[in-house]
Structure formats: C-alpha cells, structure tokens
Amino acid sequence: MTAYDTILYAVEGGIARLTLNRPDKLNSFTVQMHEEVRDALDRTAADESARCLLLTGAGRGFCAGQDLSDRAVDPNDPDAAAPDLGESLEQRYNPLVRRIAGLDKPAVCAVNGVAAGAGANLALACDIVIAARSASFIQAFCKIGLIPDSGGTWSLPRRVGLARAKGLALLGDKLPAEQAEAWGLIWKAVADEALADEAGRIAAQLAAGPTKGLGLIKQALNQSFDNDLDAQLDLERDLQREAGRTEDYREGVRAFMEKRAPRFVGR
Ligand code: T3D
C-alpha cells in the first residue's frame, strides 16, 4: 500500500485499486487529492504488474467533483478576482482524464454512491463503469453556472445521444444507476452489497487478460467516433498488426488448439 493522505492505492493480483478517500466531503477533489490521484495513475501506467485499474470511492459517495470550499479565492468577497477555472481544468482535471483514457490497460470504475460534477465525468472516463443500485450520476455544473467538464461534453453525447446529454447537462437532474444502465451511460447497475465483488470479479478477469490487446481494443474504440469507416479500417489494420505480435496472441491460439484456458502474461 502506497502512503497518501486523500486516496488509498495498492496493487494486488494484477489490479491497481485506487480509492478516493475523503468520505466526509463525498470524496470531492482538493488540489492535494488531484496530485495524489495523478501520481497513482502514473504508477499504474508504469507498473507492468498492474494490468487493470479499479477506481472507486470510500464511504457513501463516489465523488462530488470539485471541493467547492478549496478555492483560493473567497467567493463571498466581491472584490476578489475570479479564479481561473480554465487553468484549474488545464492543470488538474484534464490531466486526470487524459491519463485514464490514454492508459494502455483497462480502467474499471465501481461507482459506490453519488457521482456529481467532475466526479461523474471522471467515472465516465473509465472503460467499464459499474454502479451500486443506490448510486446516481449528476451533471451538477449547471446548478453553479458552469459547464460539464472533465470530458463530459465529449462522453455524454457519445454514450447516450444528444437529447439525453442535453437533458442531463442543462437540467442537472439526478440519474439513478439503473436508469444510467438502461440509457447505456454505464455497463451495469448491481445490488449495493454485490458491487465490490462484481467490480473485483470484472477487474480480475481483465487483469488476467491479454493486457496489450485489451489496451489496443480500448484505443480503437475510443477513436472510432472521430474516424470515418476508411480511417477506422486503417486503424484496425495497424493495431491488429501490433496485437498479432504479442506473446498473448500466440498463447491464445495455442491454448485454443490445446483445448485449455490461456495463460496470458500481458505482453
Ligand atoms: O476548479 C474548478 O472549480 C473547475 C472544475 C469544476 C469541476 C466540478 O466538479 S464543478 C461541480 C462541483 N460539485 C458540485 O457542485 C456538487 C456539490 N454537491 C452536491 O450537490 C451534493 O453534495 C450531492 C448531490 C453530491 C450529494 O448530496 P447529499 O445530500 O447526499 O450530501 P450533502 O449533505 O450535500 O454532502 C455531504 C457533505 O459533503 C457535506 O458536508 P457537511 O455539511 O456534512 O460538512 C457537503 O458540504 C460536502 N460536499 C458535498 N459535495 C461537496 C462538498 N463539499 C465541498 N465540495 C463539494 N463539491
């Protein structure tokens, strides 16, 4: 277990578990938590023994986005200069989303409770999002005069279409986990008491998988909305070439021929 103040982080059985750990404030983001999450994500990326990221939150919430009390500028002081929120995104939120989306291994998010603001969109930056039935997703930004950030304006229309993306972003309503599943916003909602086991099972399956190939699948699908068919076919050709050169491809075919379970090494 690596020592941090605001998160828990440990790699075990191929799974890098990153738990946001400010439960009293619904795991909302302070500058320190940003630094620690960024550091843990860099470790996950660099650590070959970490073959899947599992992100979750401690306590009753997943993450309530920006800690609104952690602003350098007092919002009650009319003479204070406005904080530069563009700078905040550039320095802190965007690097997190880029790290998760660009991670060359799968990222699972176990949404254990409310996911609001940047917290919701950080979850949606992960590849597989599984939520407790009592959890919910709130694009809370419009309630404080902001726009969805942390990739929300990119991921929402892609996941649920423009009509639902606009409804969620403009109204800021709470979307319960089961509705999120029905809309295709997330992979699935499960009973609260089953979340940890189910998320662990999925992460373990991915961690024992052909990591390099799984990373290439993620890359191909992430790029698909920006490509026309021709460009996507070219991309598939290039990535398949890479996949075909892995040890795990050879092992997968050998295991199939020998009618046994494959033993993937992640390369
Ligand atoms: O840098 C930048 O600012 C730009 C980037 C912005 C990214 C963003 O995420 S902007 C959006 C920020 N987030 C929000 O606006 C959500 C605010 N929170 C809520 O609306 C509600 O807390 C929830 C709907 C998420 C949950 O409601 P509920 O009733 O279950 O819990 P609660 O009682 O409101 O919250 C529990 C505690 O957590 C409470 O503290 P207390 O009174 O017990 O000491 C509450 O103040 C605290 N808390 C919840 N969210 C935040 C927070 N404290 C600071 N910042 C928060 N975002």
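**Labels and their cut-offs**

Reader: What makes cysteine 63 count as buried?
Author: Its relative accessibility is 0%, and buried means under 20% relative accessible area, with exposed over 50% and partly exposed in between (1.4 Å probe, protein chains only). So cysteine 63 is buried. Keep in mind that this is a predicted model, where local features need pLDDT of at least 70, side-chain atom pairs count only at pLDDT 80 or more, and totals for chains, interfaces and linings use all residues. Residues are numbered from 1 along each chain as its sequence is written, and side-chain values use heavy atoms, leaving out hydrogens and water.

Reader: Why is H8 called roughly antiparallel to H9?
Author: H8 (residues 211–224) and H9 pack at an angle of about 170 degrees, with axes 10 Å apart. Angles over 145 degrees count as roughly antiparallel, under 35 as roughly parallel, 65 to 115 as roughly perpendicular and the rest as oblique. That's why H8 gets the label roughly antiparallel to H9.

Reader: And glutamine 232, what makes that residue buried?
Author: Glutamine 232, which is found in helix H9, has a relative accessible area of 11%, so the label is buried again.

Key: Helix = DSSP H or I, 4+ residues; strand = E, 2+ residues; numbered from the N terminus. Axes fitted to C-alpha atoms, helices over the stretch in contact; angles between N-to-C directions.
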